[in-house]
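Hi everyone, thanks for coming. Let me put the structure up on the screen, and then we'll walk through a few spots together.

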Amino acid sequence: MIQAVILASDETHLTNFSGSKVFHALYMTLGNIYGHIRRQPQSGAWVLLAILPSSSFTQTLLNLTSPQSYVKLNKNQAASLPGILKQCLYHECMAIVIDPLCYAKRRSCFVLGPGNKIHSSMACLVGYIADMKEQFMIACVTPRACPICLAQPRLHNSTIQDHCTAKPHTGSSTLDVLYRVRNAHPDVPIWKFRTLVSKEKCGVSGYVEHPFWEDLDVGPSHFICQDLLHGAHKFFWDHPCKWIASLIGTECLDRRISLLPKEGLHHFKSGISKLKQASGREHRDLLKYIAPALAGAPRVTPQFRDFILALLHIIMIIQLPMLDDNILGELDKHFEVMYANADEAISLGLRKNLWIPKLMALTHFCQDIQLGGVSSNWSSETPETLHKLLPKSLYGQTNHKDYHIPMLEMLTVHETKRVRHEYIQWRSSIQSSQHPNPPLDHTQNYGIKIAQRPHKQGVAITSLTAKSGSLAGLISAICKFSAEADATASTSTATHQVSGTYDLSSPWFPRRYNKLDLWWSYRLTIPPFNEFYERETRTIWCKTVEDHQKSKWKGYGSCVFVLAHPKRHGIHSMSATTLKGP
Amino acid sequence: MGFIVCLPPHSKALSDITKTKLFLAEYRPAEVQLVFRASSRLSISEDKQFENVPMAYVLWYTDIPSVPSDTSGMFVVRKALDHANHPQGAVISLNKIIFHCPLHPSIIGDPRPQLTKENISAFATEFYINPFSSGQVYQRVQQSH
């Protein structure tokens, strides 16, 4: 059995508004755990594996640039030295942490696996979740290169499509460059070594001579995973959104977005330009408004619209919880449309070039999906949430001085308590399984939930139709509904043709509808599209709402899909249901 | 407050429709105007067979076209009007409302100052079915054409 080790690292500030205490956390989970459990931060699927030291080496820089320093560096070399030291420190620490995963030192061990059977198990690094800045540091490449492939975006005649066909940036290709330079110049110090490596112009940074993955049997192109949060959602917020704002005007975009009905958790009432700080949720919700806001906007060319729509389709597809060959085929088509229209951003003067690492890396999502499953497996959203649960909450319980050791001690206590709690739960579940409960009927979770007592009772239909113009056709509609219901209930084959406009004196109008009981809203829960989604619950609002209910009302009736042609394919037999009592 | 629970087993209908890719042909967008029933304060003894269940009065939009619009990349619908240019409405059983429709009004050019979120749907002539509103809507809408 392979234990698929997934690592995630990220830097976070321990204090929110003041101070510069930085916490570089390294988390670990296993790919063997179900994805939906792994995505829950409080499920215990993630552990804090290490705290990586972090320093900006400002004192080093000061000492080296002082006249008394015995090491003579020019200005550029001195400026690059803190970065070199920071990356060396990171790789040295990581080498210690992942030492048990190295090819030469890896040993199998026996663990209790599924079905209470003993399995021989071996741990392998299969994924590393990090933001783009850290991906460059892990792969030891410059920010202008790609950590996954050997495409060189800034070379003459290169295009963003090169990333689709370029060879992977394997660990051996990076190490070859480093070894070659070191063999040619065995005695140069690290700051000169970096300059020599950069002269090779192959995208390797040269900040680190011995990367931590040197002794692993996988290279960074295999274990670095594209991050959905930064690589897709934040990318759209940072780049295409700003292009749209510069094209149609910031005020126009804000106004168009603010006029659209609410979708998701956020409604951008004042647009997006005035938001000072946006979270991942806002980045994701913005994608829901862009397509209708862009349609019909001034100065938008068809090519630019197709480019943005293709990007939206790509981001939408890569975050779906289940993908098959058909959907991946659709994804390829959207990539072709995106590449075909990408130059429009340059033609419109929005960009000088399209060498944006995250735009170029979008194609690597497809490779990740084919190799390691859906992208939600590799989102940094869970590790980002873990910052709040683990380091930040533990730091708050310390005296804020020499906090590392107390934090680790508290973490040990918390972990012990959690493991004990889960063991007790597991034991009780085994005991209760001897008396299994009847299986739950999940269809009970779907349907309509409406208040037993109407929100307003005994309202005259004439007052309703007189008050609201949109209800002018209510009486005619009741007549038609009643006639159709009579025709359906009747045993005779004769049908009544009811058309035109009717009033209360019409023979088709049932007298019982002279006074009505009204509801302003009800809850509708729909079954998921497939087993990878959760059921969705919505409040369906009526357009006609009394003043005292208007605090939650959006100002318009909910738009819904109605089963309009049920008889054609016999669906009426499935949808014919009755309301049951409480 | 107590609740009445309606049990439309439309899960089966939905799954069948997504399999046969008839989603767009079978469903029609509408705006819910009123949820009502005949008042329970009145005697309904005249019709003992009558089952007094809540119903909805909706205003129809036009049928969903088979292909998305060339100009927006989304499916476009309009308010359905009768021969006298009045909105087409209907009373329907509540269990025919299958799920929420992400309908967004089209805004052509620079939006006029008097437009607000509340009144824009009254002024708009076209409405987009926004497939990007959620993953489930995306799969249902995009994979059915």
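Asn85(B) sits in the loop that runs between strand E4 (75-78) and strand E5 (89-93) of chain B. Its phi is positive, about 65°, although Asn85(B) is not a glycine. As background, most residues other than glycine have a negative phi.

Before going on, a word on what you are looking at: this is a predicted model, where local features need pLDDT of at least 70 and side-chain atom pairs count only at pLDDT 80 or more, while totals for chains, interfaces and linings use all residues. Residues are numbered from 1 along each chain as its sequence is written, and chains are lettered from A and ligands numbered from 1 in the order in which they are written.

Helices (H or I, at least four residues) and strands (E, at least two) are DSSP runs, numbered from the N terminus.

Now to chain A for another positive phi. Cys140(A) has a phi of about 60°, and Cys140(A) is not a glycine. Is Cys140(A) buried or exposed? Cys140(A) is buried, because 29 other C-beta atoms lie within 10 Å. You'll find Cys140(A) in the loop between helix H4 (132-139) and helix H5 (162-165) of chain A.

Please also look at Lys199(A), in the loop between helix H7 (190-198) and helix H8 (220-223) of chain A. Lys199(A) counts as exposed because it has 10 C-beta neighbours inside 10 Å. From Lys199(A) to Arg284(A) is 85 residues in sequence and 40 Å in space, C-alpha to C-alpha.

Two strands pair if DSSP finds at least two bridges between them. E7(B) and strand E8 (residues 126-129) of chain B run antiparallel and are joined by 3 bridges. Within that pair, Leu103(B) stands opposite Ile129(B).

Finally, chain A as a whole. Chain A has 22 helices and 13 strands, and 33% of its 582 residues count as buried. Chain A is divided into domain 1 (2-225), domain 2 (228-375), domain 3 (400-429) and domain 4 (445-575), with bounds from an automatic or database domain assignment. The C-alpha centres of domains 1 and 2 of chain A lie 29 Å apart.

How many residues of domain 1 of chain A are in contact with domain 2 of chain A? There are 14, and they touch 14 residues of domain 2, where contact means C-beta atoms, placed from the backbone, within 7 Å. On the domain 1 side, the elements giving two or more residues are strand E5 (118-129) and H5 of chain A.

Technical notes: A residue is buried if 20 or more other C-beta atoms lie within 10 Å of its own, exposed if 12 or fewer, and partly exposed in between; C-beta atoms are placed from the backbone. Two residues are in contact if their C-beta atoms, placed from the backbone, lie within 7 Å.
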